[in-house]
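Here is a colleague's note for someone opening these chains for the first time. Please read it with the structure in view.

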Amino acid sequence: MNDRFNRRQFLKKMAIAGVGGTVIGGGLFYWRNRLGKVLPPEAHARVTILKAASYRANLVDLIRRGLSNYPAFLERVRGSRIVLKPNLVEYYEARRVNTHPAVVAAAIAVFRSFGAREIVVAEGPGHQRDTELLVEESGLWEALKSEQTPFVDLNHDSIRPVRLSANYTQLNRLFFPVTILGADLIVSMPKLKTHHWAGVTLSLKNMFGTVPGVKYGWPKNLLHWRGIDRSIVDINLALRPAFAIIDGIEGMEGDGPLRGETVQSGVLIMGDNPTAVDATGTRVMGLNPERILYLQVMRAHGGVLGETHIEQAGERVATVRHDFQVLPNFSCLKLGSPERKLLQ
Amino acid sequence: MNHRIASARNFLLGVRNPCGAWPYRRGQQSSPEPTCYGLLALASTEGQPAPETARDAALGWLASRVGPQGALVLEGDDEPHWSTSLLVITLTRLGCQLELQQKAARFLLRWSGEETSKITEVTLDGTLHGWPWISGTFSWVEPTCYALLALKLVGQSQHPRVIEAERMLVDRACQDGGWNYGNRVIYGASLHGFLSSTALAALALQDVTAAREAINRGLAFLEREIKNHQSSLTLALTILCFHAFARPVADLVAALESRQESDGSWRQQIHQTALAVLALQAAAGGSNIFMLPRSGAKAAS
């Protein structure tokens, strides 16, 4: 099976779903060619895990404690324009699909207290054209009103093209909203979820929401055609989110990101290396980040993935680990699984 | 003209960019969708049509965004944009620049979504083509609805592309009767309909007798769900849809009016404000931009 054939199938399978697709095994040839045979040595990163039993916990205090572990990042916060990017996909009363508004509100208060000049909450939902409906029904509108913080619909913002330096998608450039391009610091705030195409959806995948619907549509199907993994890497290398805070107080297992079951996972996970944060979030779900291709590729671009390269602050993974159910085709992701497949 | 419409009209006139086109929000770059709806909204305001200079400037901007293929392109871009369908609707409704309208319509007939026949994860007939959001991708509900409405308005109701796309829309209807972005089942799990997509799909199929059952299920979905899920866009599109099907809209009109802000807008969103004006005008007896001529009803597709 040659690479060209793999790629074609891969793109088609992902594209139709509108939410992406997966192929197990194969296709490494393409990535090895792109990355070169020799990977740079892996750096080190610090990831903080904090327990939070519910959304009624003192989230401001928790996030402040977590951020205090990153003095260099906090130096950058002072006087900066910060865009908080939660995960807002669709709203179902019974399902925990979106980043909880209480976490977003707490983050606003904390970043403000650390001297941020301006804070904007921004998202470009991938399926639902009616952002107003989603923002209101999810409770985010009320939370932002209380915090006197504006919301920007990234699907309908002004847009500018950005050249893709790594260009894994072969798109050469992607358009992004000026709100995102004008941010001094982007903070990705995903939900802790499994994903029925990508395996897991955390801070790196959350950046799909920065791609403007006005150009790419609802869903942002071109990215699926070009490959979810490749798109995730290109977007994150273009935008370089500075920090990630995962809302894992309630997570979603099984048929995520929309139709899975709620898990009371009780954690906030944060850090200034989004790949390391996602790797830790994946381990907290009882899944193996080393089996996820886009995380592997991000390692070649400064992302930290290896467990021994991640300094754990706060709780240890083992004390908060909660094994999430996954769809059968993702059994290779389970920690301890004998399957040696790479999910891409 | 009532004070709500007058206030919205003033808002729209006040948020145009210097080039005469509209952005999605004040001060942003000009964009085709709000410009098309803005033009239509101003033209719809009874007794006070758009000032000629405003109309000419906006039309001139739209014309300047049409590439050699006949498709609209965004500023800084060179790829066909889905709003080309809205351009056709706008020029048809305004009765102007008919050469440009025909050129854009011809482009729509050449433009198509990719085939999806080998996909097993989702349950749909991938051999049916509609229209994509962007070239080289699959057909999705909303751009297909706009293209169908545009082509039907220019007399292409019987074109094979139109008939195939009608079948595609019927195939994409969700189990709950609504339509969403375009997937009804993934991995065997039924997905929910969205109100705005459902209103557009029913409008796009309004003249298709063979789609009556799907339309009725869609209208029932809207009637059931609109009570609990309201926004400016959803209300405006549902009013336009119910108006086209002669269903009562008084409650929806009241709900939409209650969301208008003191500056005349609906959440400062320009395309939503323009759509709200168009919905309120239709409900008050004005024309409905998405309503097709009654004589065009099709027996089968």
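**Notes on the two chains**

1. H6(B) and H8(B) are roughly parallel to each other, where "roughly parallel" covers angles under 35 degrees, "roughly antiparallel" those over 145, "roughly perpendicular" 65 to 115, and "oblique" the rest. The axes of helix H6 (residues 141-153) of chain B and helix H8 (residues 195-204) of chain B cross at roughly 30 degrees and come within 9 Å. Axes are lines fitted to C-alpha atoms, for helices over the stretch in contact, and angles run from 0 to 180 degrees between N-to-C directions. Helices (H or I, at least four residues) and strands (E, at least two) are DSSP runs, numbered from the N terminus.

2. A word on the source. This is a predicted model: local features need pLDDT of at least 70, side-chain atom pairs count only at pLDDT 80 or more, and totals for chains, interfaces and linings use all residues. Residues are numbered from 1 along each chain as its sequence is written, while chains are lettered from A and ligands numbered from 1 in the order in which they are written.

3. Back to the helix pair. The crossing of H6(B) and H8(B) is left-handed, meaning that the near helix is turned anticlockwise from the far one by less than a right angle; clockwise would be right-handed. On H6(B), the contact uses B:Val141, B:Glu142, B:Cys145, B:Leu148 and B:Leu149. On H8(B), it uses B:Ser197, B:Leu200, B:Ala201, B:Leu203 and B:Ala204. Contact means C-beta atoms, placed from the backbone, within 7 Å. By class, the contact of H6(B) with H8(B) has 8 nonpolar, 1 polar and 1 charged residues. Here Ala, Val, Leu, Ile, Met, Phe, Trp, Tyr, Cys and Pro count as nonpolar, Asp, Glu, Lys and Arg as charged, and the others, Gly among them, as polar.

4. Helix H1 (residues 3-14) of chain B and H12(B) pack at about 150 degrees, with axes 10 Å apart. H1(B) and H12(B) are therefore roughly antiparallel. Their crossing is left-handed. H1(B) brings residues including B:Arg4, B:Ile5 and B:Phe11. H12(B) brings residues including B:Ile270, B:Val277 and B:Leu280. The contact of H1(B) with H12(B) divides into 9 nonpolar, 2 polar and 2 charged residues.

5. Where do the chains meet? In the contact between them, 35 residues of chain B touch 32 residues of chain A. Helix H10 (residues 232-244) of chain B gives the largest share of chain B's side, 3 residues. That side has 15 nonpolar, 16 polar and 4 charged residues.

6. Look at H10(B) itself. Its 13 residues reach 18 Å from first C-alpha to last, close to the 18 Å expected at 1.5 Å a residue; the expected span is 1.5 Å times one less than the number of residues. H10(B) is mostly covered, with 12 of its 13 residues buried. Buried means 20 or more other C-beta atoms within 10 Å of a residue's own, exposed means 12 or fewer, and partly exposed lies in between; C-beta atoms are placed from the backbone. Among the buried residues are B:Leu233, B:Ile239 and B:Phe242. The buried residues pack against helix H6 (131-137) of chain A, and against H8, helix H9 (212-225), helix H11 (250-258) and helix H12 (270-283) of chain B. After H10(B) comes B:Ala246, with a positive phi near 55 degrees.

7. Chain A has 15 helices and 13 strands. Of its 344 residues, 59% count as buried. Among contacts in chain A with a separation of 6 or more, 76% join residues 24 or more positions apart. A:Trp225, in helix H11 (residues 221-225) of chain A, is buried, with 22 other C-beta atoms within 10 Å. A:Trp225 and A:Thr169 are 56 residues apart in sequence and 9.0 Å apart in space, C-alpha to C-alpha.

8. Check the backbone of chain A at these places. The peptide bond from A:Trp218 to A:Pro219 is cis, with omega near 10 degrees. A cis peptide bond also joins A:Gly256 and A:Pro257, with omega about 15 degrees. A:Gln170 has a positive phi near 65 degrees, and A:Asn172 one of about 70 degrees. A:Gln170 counts as exposed, with 11 C-beta neighbours inside 10 Å. A:Asn172 is exposed too, with 9.

Technical notes
Two residues are in contact if their C-beta atoms, placed from the backbone, lie within 7 Å.
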